[in-house]
Amino acid sequence: MKKISIVTGASRGIGREIATRLAKEGHFVALVARNEEEIRELEFEIDSAGGKSRGYPLDLSDEAAVEAMVTELRAQFGRIDILVNNAGIGVFKQGATISTEEWDRVFEVNVRGSFLMTRAVLPAMLEAGAGHVVAIASDVSKRTFANGALYCASKYAQDAFFSGLRKEVRASGIKVSVVYPGLVDTFFHDGNPGQPHRAEYLKPHDIADAVAYILNAPAHVVIDELMLHPLVQDY
Ligand code: NAP
């Protein structure tokens, strides 16, 4: 095994593809998401193909579960080299109609969830003087749109956290990279991949390629930010 990695939101969409790619590259992958059946299915698929993985079915809003998972992983391997904060949700409606519960839930997963996971792995990375934290943000971490106020606010906040963190941990040998995808053909927001109007969207493997490029940069290079769009997207 080359590196010990964690991918959140690994049960489907972009996260599933990133996890599969990391496993193919010879890394151990801890698969995090709530849907146990999908996580176990991917674990089986990776391990049958000769890779190494373990599923951790948990909700990222559960602080104790996140801490316990990272503690277990660190106890087993003694280190954590890569964290890909990919899990995310969206609620798209006019700001005036957003409920407090919807607001809290989006921030709980997109912002607090990636913070909790990152805070949990940092002690191991700081001790090793190395590590790479990647966040899958969004192109709407840098622009807004109508009916997207809540989602954009969460993605701006997530981006700001990781940009600040990059400056804090760089001197300790830890890299922080943020990926900003445009439209990707996934299950996001009850989406249904494979529909004809999405034929030219980015595919999950495009994002996995970007993450692999970032992670495989030479030791002296940190790719701070990487934004990608489908050519057909008007933004
Ligand atoms: P997706 O197909 O809906 O997958 C989302 C993943 O997040 C699932 O594996 C889901 O698993 C997991 N997840 C959601 N809530 C969770 C929670 N509370 N705890 C643990 N895991 C949770 O969406 P996707 O398109 O792959 O999205 C991945 C990331 O890309 C998100 O951060 C999204 O904001 C970002 N993004 C997507 C697009 C796009 O157009 N699709 C564009 C830009 C950025 P469970 O349901 O099993 O928990």
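Reply: A definition comes first. A residue is buried when its relative accessible area is under 20%, and exposed when that area is over 50%. Values in between are called partly exposed. One more point before the details: this model is predicted.

Now the ligand. Around the ligand there are 30 residues. Those that come nearest are Ser11, Arg34, Asn86, Tyr151 and Thr186.

Several polar atoms face the ligand. Take leucine 60. A backbone N or O atom of leucine 60 lies 3.0 Å from a ligand nitrogen. Asparagine 86 also uses its backbone: a polar atom there is 2.7 Å from an oxygen atom of the ligand. Lysine 155 uses its side chain. A polar atom of that side chain lies 3.0 Å from an oxygen atom of the ligand.

How much of the ligand's accessible area does the protein cover? On its own, the ligand has 880 Å² of accessible area, and the protein covers 96% of this. The space that the ligand takes is the largest pocket. Which elements give two or more residues to the shell around the ligand? They are helix 1 (13-24), helix 4 (100-128) and helix 5 (149-169).

Next, aspartate 59. Find it in the loop between strand 3 (52-57) and helix 3 (63-77). Aspartate 59 has 23% relative accessibility, so it counts as partly exposed. Leaving out residues up to four places away in sequence, aspartate 59 touches Arg34, Val66 and Arg105. Arg34 is also one of the residues that come nearest to the ligand. With arginine 105, the link is a polar contact: the two side chains meet at 3.0 Å. Now compare a position elsewhere along the chain. Lysine 24 is 35 residues from aspartate 59 in sequence, and their C-alpha atoms are separated by 26 Å.

Another loop residue is asparagine 147. Look between strand 5 (131-136) and helix 5. The phi angle of asparagine 147 is near 70°, a positive value in a residue other than glycine. Is asparagine 147 buried, partly exposed or exposed? Its relative accessibility is 36%, so asparagine 147 counts as partly exposed.

Now turn to two serines in strands. Serine 5 belongs to strand 1 (residues 4-8). Serine 5 has a relative accessible area of 0%, so it is buried. Its side chain reaches the backbone oxygen of phenylalanine 28 at 2.8 Å. What else does serine 5 touch? Apart from residues up to four places away in sequence, serine 5 touches Leu22, His27, Phe28, Val29, Ala30 and Ile82.

Serine 177 sits in strand 6 (residues 174-181). Its relative accessible area is 0%, so serine 177 is buried. Sequence and space tell separate stories here. Serine 177 and valine 134 are 43 residues apart along the chain, with C-alpha atoms 4.8 Å apart in space. The side chain of serine 177 makes a polar contact with the side chain of histidine 132, at 2.8 Å. Neighbours within four places in sequence aside, serine 177 is in contact with several residues, including Val133, Ala135, Arg166, Ile214 and Asp224.

Methods. Residues numbered from 1 in each chain as written. Predicted model: local features only at pLDDT ≥ 70, side-chain atom pairs only at ≥ 80, totals over all residues. Heavy atoms only, no water. Helix = DSSP H or I, 4+ residues; strand = E, 2+ residues; numbered from the N terminus. Buried < 20%, exposed > 50% of the residue type's maximum accessible area, 1.4 Å probe, protein only. Polar contact = N/O pair within 3.5 Å; in protein donor to acceptor, adjacent residues only side chain to side chain. Contact = heavy atoms within 4.5 Å. Near = heavy atom within 4 Å. Areas by Shrake-Rupley, 256 points an atom, 1.4 Å probe, with all protein chains shown as cover. 1 Å grid on protein atoms, 1.4 Å probe; cavity = no way out; pocket = protein on both sides within 12 Å on 5 of 7 lines; lining within 4 Å. Sits in = over half its atoms within 2 Å of the grid points.
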